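Here are my notes on how the chains of this assembly meet.

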Amino acid sequence: MTREGARKRRTPSLSRLATRAGAGRAPGTVVASPDASQSTIRIIRYDAERFEEIQIERLDDKALERHPGQVLWVDMTGLGDIDGIEMLGRAFGLHRLALEDVVNVHQRPKTEDFGDYLFIVARMLLRDRHDSEQLALFLGDGFLLTFQQRHGDCFEPVRERLRHNKGRIRAAGADYLAYTLIDKLIDEYYPLLEGYGERLEALEDELIERPHGRQVDMLHAMKRELMGIRRVIWPMREMVNSLVRDESALVGAPARLYLRDCYDHTIQLMDIVETYRETASSLLDVYLSSMSTRMNEIMKVLTIISTIFIPLSFITGLYGMNFDRQASPWNMPELGWVFGYPMALTLMVVLGASLLFWFRHRGWIGRRDR
Amino acid sequence: MTREGARKRRTPSLSRLATRAGAGRAPGTVVASPDASQSTIRIIRYDAERFEEIQIERLDDKALERHPGQVLWVDMTGLGDIDGIEMLGRAFGLHRLALEDVVNVHQRPKTEDFGDYLFIVARMLLRDRHDSEQLALFLGDGFLLTFQQRHGDCFEPVRERLRHNKGRIRAAGADYLAYTLIDKLIDEYYPLLEGYGERLEALEDELIERPHGRQVDMLHAMKRELMGIRRVIWPMREMVNSLVRDESALVGAPARLYLRDCYDHTIQLMDIVETYRETASSLLDVYLSSMSTRMNEIMKVLTIISTIFIPLSFITGLYGMNFDRQASPWNMPELGWVFGYPMALTLMVVLGASLLFWFRHRGWIGRRDR
Amino acid sequence: MTREGARKRRTPSLSRLATRAGAGRAPGTVVASPDASQSTIRIIRYDAERFEEIQIERLDDKALERHPGQVLWVDMTGLGDIDGIEMLGRAFGLHRLALEDVVNVHQRPKTEDFGDYLFIVARMLLRDRHDSEQLALFLGDGFLLTFQQRHGDCFEPVRERLRHNKGRIRAAGADYLAYTLIDKLIDEYYPLLEGYGERLEALEDELIERPHGRQVDMLHAMKRELMGIRRVIWPMREMVNSLVRDESALVGAPARLYLRDCYDHTIQLMDIVETYRETASSLLDVYLSSMSTRMNEIMKVLTIISTIFIPLSFITGLYGMNFDRQASPWNMPELGWVFGYPMALTLMVVLGASLLFWFRHRGWIGRRDR
Amino acid sequence: MTREGARKRRTPSLSRLATRAGAGRAPGTVVASPDASQSTIRIIRYDAERFEEIQIERLDDKALERHPGQVLWVDMTGLGDIDGIEMLGRAFGLHRLALEDVVNVHQRPKTEDFGDYLFIVARMLLRDRHDSEQLALFLGDGFLLTFQQRHGDCFEPVRERLRHNKGRIRAAGADYLAYTLIDKLIDEYYPLLEGYGERLEALEDELIERPHGRQVDMLHAMKRELMGIRRVIWPMREMVNSLVRDESALVGAPARLYLRDCYDHTIQLMDIVETYRETASSLLDVYLSSMSTRMNEIMKVLTIISTIFIPLSFITGLYGMNFDRQASPWNMPELGWVFGYPMALTLMVVLGASLLFWFRHRGWIGRRDR
Amino acid sequence: MTREGARKRRTPSLSRLATRAGAGRAPGTVVASPDASQSTIRIIRYDAERFEEIQIERLDDKALERHPGQVLWVDMTGLGDIDGIEMLGRAFGLHRLALEDVVNVHQRPKTEDFGDYLFIVARMLLRDRHDSEQLALFLGDGFLLTFQQRHGDCFEPVRERLRHNKGRIRAAGADYLAYTLIDKLIDEYYPLLEGYGERLEALEDELIERPHGRQVDMLHAMKRELMGIRRVIWPMREMVNSLVRDESALVGAPARLYLRDCYDHTIQLMDIVETYRETASSLLDVYLSSMSTRMNEIMKVLTIISTIFIPLSFITGLYGMNFDRQASPWNMPELGWVFGYPMALTLMVVLGASLLFWFRHRGWIGRRDR
């Protein structure tokens, strides 16, 4: 990853955090966000024996008909069709504030009990865009409405299980279906985090072998990204927890047992994110102390070389002076001595050796790893 | 932003925090603060069918008349008219301590239940002055009193909705009106924070391309400002929460539902502020480690150059000495050798090359990004 | 403030923290501390109509007589008169442990409910000594006993209000009097903190214009002092809170309302202290990063100068060597060339210019603020 | 420990944290993990008088027969035998989600109450691999099922006590057996932590005598490992606590008393881990400040040598210039003076001595420990 | 304190933390620890009128006889006599787990309610060994058993008060006696902490006058020791708190009042330890920033000297070159100029002065304290 790449990846998310589409409007106003995509609606109706699946562009009353004992799952993908959302709101008696939250796709995960139905907001991490997508669920008696912000989801295996009546899913109610979707969503976090784990391991190896500044930028970027993921998982955990703990009649005891398992997974995810963040911090500390060690080493080399040669150079300079030996016998008589030059050389060797010995004595040379 | 600008912007707020106008007086004394501006009073009276709006300078009993089934909204802007405030206090039976808090405009946001009415303090961030303004509300049965510290507010859209009977606002009670005002106020925080988000992104780009000290000063200033904003939003969150949770009969179930939505927004704002603060901290760390890398690099260049040339200069100094070759054959015979000079040059080249090789071996040269 | 001044101011408080006068004695032993000052007793007795104030040196039974419907306020200043304290203890049935806390003047602020009376410990910050003084209160049915560690207090305005029957103070009970005193005490914290705010602002300005080490020492000292203040305000907050929340019959509903206001002030004080501490930390970070930037700059100047002149000096050294040109044509023929000197000068200029160009290329010269 | 060793030890755990075997499957699917080892089953049946122990490869109904008043302990080691696990699930009426957690061996320690039985997950630290192994327990009325991930355990002393009827273990019920196993497991943490304590002490000694970079890497690695251990012990603590606090009828009062003791041990373990982590942090700080002191010392030596000899060398250079004394009397007349050379030498000595004196005055030389 | 001393003092405690004597044994096994000292038993029996004190080596039934209305205090010092402990266990019906905790002397302070008696573990700090000693108490109806790990205690004043019937101690019950002992123990912490306070003040003075590395080592060591003390006091606080709050019938209301006072002391101790730790941290920060300032100063001196003399030396080197002026008029004609040498000197003076001026302009020279 280049620096440029790092920058590009991070840039869009910061200021967009504080962008609220409906900020200027009256509360409860349901308006499509400018980048909302075309809606597609998939309606699934099932019980233990029957299964029916239709895909439509426009809703009508017939499509939303409910039969006792059957579960109706209306799954709208893409939130551009405001009329459809309004129609669903009327058909299932949904509160306008909840509908507003459906189209304003920057909600934190939460569970809200509206009496007749639960309004659940969950978020899916997007692997390639380091962003997250909103999934809104309305869980009522015998129905489940889901609103996905973007096309393409991870729920196909669930639909397959429904179609082929695998496991207990068809026999269970809408609460179990809601659990299955939330569980699937949370399962999707694992491979993403695994990717971070692998990158951290690779960085750790690199950092020990060849530390350089880019790794640090990457570690900082990774910490920021993990912080972002933490901010998504933390309220997911609370959302699942309130499904488990709050005594809503809409979630039956068996589904509650399954959701408890799901809650365990969110705790585990938090644990992993924390481990990764602390590992990244620890690696940054390793880098900083290796930088400091290296700096020390560089300064030591400079100091040793300078400290040995600066006095020696002074001596050569001394005997390079041009005092006029003819003018006076006091002027640099050493230059005329028979052993003047060898004595000067000897002086320099002795001085250099003494300094080397002193450095070794202070432990700056010759003991490894300092 | 220049340093001077940074200084000017921050300076006024610190010591003023601890300035309490009424500190020396008996509790419950209502005295105008010296910089209180002229009061204007706007009275709005409405129910689902009727709407009446008057703007006056001085209050009289007639203006405050209450009609069953109607909502009376008295909105005083500018807190210079102590008589008017006292008169409102008597007319609506308000506690003197609450009135004192109305004129001492440095209260933290809070909700206080006085039985017959709720006393609510909220704060509006001022975009251009990095300060906040106080809004005090008294919510009673059929009336809402609001006291704004300064002229100019963000409530015109609410008044428009009242005038033109848009949405459910005219049909709902005083509690819904209070909610609408608080919600509007909180909505105003978003664009302000978005501005911080944009400045952080710009700083991030600059910091990676051209790190310098001023960005650091700006990041520190931004952290301090975000800290200040956090200190406003945090009690706003508690204030809204206590409106939602406390079982006051003055807030009906439908308004409570809307306030819960409002509470979600305060949580989201806290989240955004935290994200920005952590991003600023992370960018400071990036800057510090880039400084440290740069320092290392500078030291390395200095050390390489010094370490190569200091020994070479020593050799030139050596053969620049003036020992008298006539006086003795031991004195610098090298100077008279036929290949003396080429040998000296060769020695220097070999020495320099060895040192370069050693530096490359230690990894100081030639591998990028160290 | 000089370093010496900083040292003197801080020194006394650390070890004295852990000095407990009564540590070796049996619990409940009331012994005057060695530095306790002479006691003065002021007795005030009032109701809405009557007011009586006497100042005595020695207590007698008559002075402590209680009349139904009247409030008796016994205010002892200076805790040297152990007999007087014991006599008060017997007259009002006070527990020995509470009396022990009265004379051991290093108690944390607290509220203790002894059934018939509340025992309250509060602390007053001393402006000029950076220390705090203890105020102990016993609030009972119709009486209030206060024990002040030192002479000189901030309660004169309260006594004036009592004397001249200003406000509701004479009409209210002992609980309101206790509230008034505590509120007065807390009000005294504001100007002290304001002083810190002003010093912080001054330091901020200085630090940006002329950073030096003394400011850092002052910031550290200020952080420690604010920490000390925080340790006083925090339990004050708890003390007031337990007066508000605990359902003692001795504190009536109206006084409770006033105490809630008082509690708001303690929260605000904590807020201010926290803001100041974080500002001090932030300024320290600003200082550190400015130091680091400055260090970088110094190193850069050194490196540029050295790196340019060291190779140039090598060249001058080279042509300063004394190889004997007569002895061999290989010995320094450059010295005899017609354009030898201009060529050497040119070489040096080119070399120096190249290095300058390289530094500019690396961004070390010519772009401001690096 | 070499760097390579450090790397090898840490690498496997990071990305594996986020690997979930069953992530893609329907909830409650029990599938053997790819590295599950061959299962062995040991069945122990006892009461105060009788004891029976069999070891089998395949389960049959007879082996699982329960007799009233007897405790049945089925201990499966190695989780490869899915059929056996399923059969146990049917025989004891275990929930599929719990069985799934048995084979997905990365669960956090927890206690889950399924009504008829408690499902307990505990983790054993592996001494030589710095990893942890899962132990799942089902505690029911008269039976205890344990599932160990790997072969080789620390329960042989418990089995010995059962076989030879030592202590009260045979007289007590399945709850006491479960307690004994958990207690044994927690006891195993002590020697492991003791090993860390010894390594920390050794590092501390080394660091004070010969600080170098490798110790820092080891301290960082140790902190990361302790963090990992903390992440295991923390939920163990919660697990034991919920056994103590939750009022399950399956855990009798006497066993609860023993578990409270066990809970104390987990708190003590947390305490030890925290102490070690803080000690490691403190040692890192000691290292960093010793590095900084050393750097200062190196810089001081360099500065002293340079600052003394650079001016002296300048003087030698000055009188090494070749201005033509014949051409003008202004050209370097000093060279012809009678005492020119001695004066130059004296100048140099005086200059050097003054600088030395100045350094000593500034406290850079001659006072130890700076 | 020398480094060696620092090392010795710290070493023993780290790995011993994780040493558990009874780790391998069955729960409830009471075995003397290898370094347990010889036991001495002192039995005191008293009520308001009578007092009896005997000191024995071996227990017998007669010594433990209980008389209604009397308090029996059995105080065993040194835990080597396992038979005696077992006998006491049987005589007073103590649980084996509690007895095990009595001999395993590394328990955290705690209060455990066993119904008929309370089991209390407290710890005494040892002044000269920086370690702590365990005191175990069993408080029952009319009896108190205490088990002290080592000989020599601080309870003699309590015994004196019992013997001479001073204060209310003889009239009160076993609960008051237990309170007296715990209170005495906690009082012993004050002088120890006062010693730390004095050392911190001394270090603070030294650090401002003559900062060096050893002070830093001492500050780090002190922080670690304070951390250790904090780990003892924190559970002491909880232990006393649970005596105050838990509604055990064994602690009467009057004793509870006294214990509340004791609880205040533990809070105060925590406060002092925290203040000292934060002061130590603050002093470390002061040291680090003074180091950094000093480094900056050193670098500045080096840079100023180098930067002034390196160009000057270049000029001297330039005119020390030996180009042959005879060979060409272009070769160093300056050397033959009449004012060549004075011009060269002037050039050097001007250059040096300019650089000095530039440094002063940048603020590197002449303003103090930079």
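I began with polar contacts between chain D and chain A, and the rule gives 19 residue pairs across that interface, both residues at pLDDT 80 or more. I counted N or O atoms within 3.5 Å, where within protein one must be able to donate a hydrogen and the other to accept it, and residues adjacent in sequence count only if both atoms are side-chain atoms.

A note on ground rules: this is a predicted model, where local features need pLDDT of at least 70 and side-chain atom pairs pLDDT 80 or more, while totals for chains, interfaces and linings use all residues. Residues are numbered from 1 along each chain as its sequence is written, chains are lettered from A in the order in which they are written, and side-chain values use heavy atoms, without hydrogens and water.

Next I looked up salt bridges (a side-chain nitrogen of Lys or Arg within 4 Å of a carboxyl oxygen of Asp or Glu). I found seven between chain D and chain A. One of them joins Glu112(D) to Arg260(A), with the closest N and O atoms 3.5 Å apart.

How many residues does each chain bring to the contact? Chain D gives 70 and chain A gives 69, with contact meaning heavy atoms within 4.5 Å.

Then I checked the area buried between chain D and chain A: about 6,300 Å², with 58% from carbon and sulfur atoms. That is the accessible area (1.4 Å probe) that two parts lose on being put together, summed over both.
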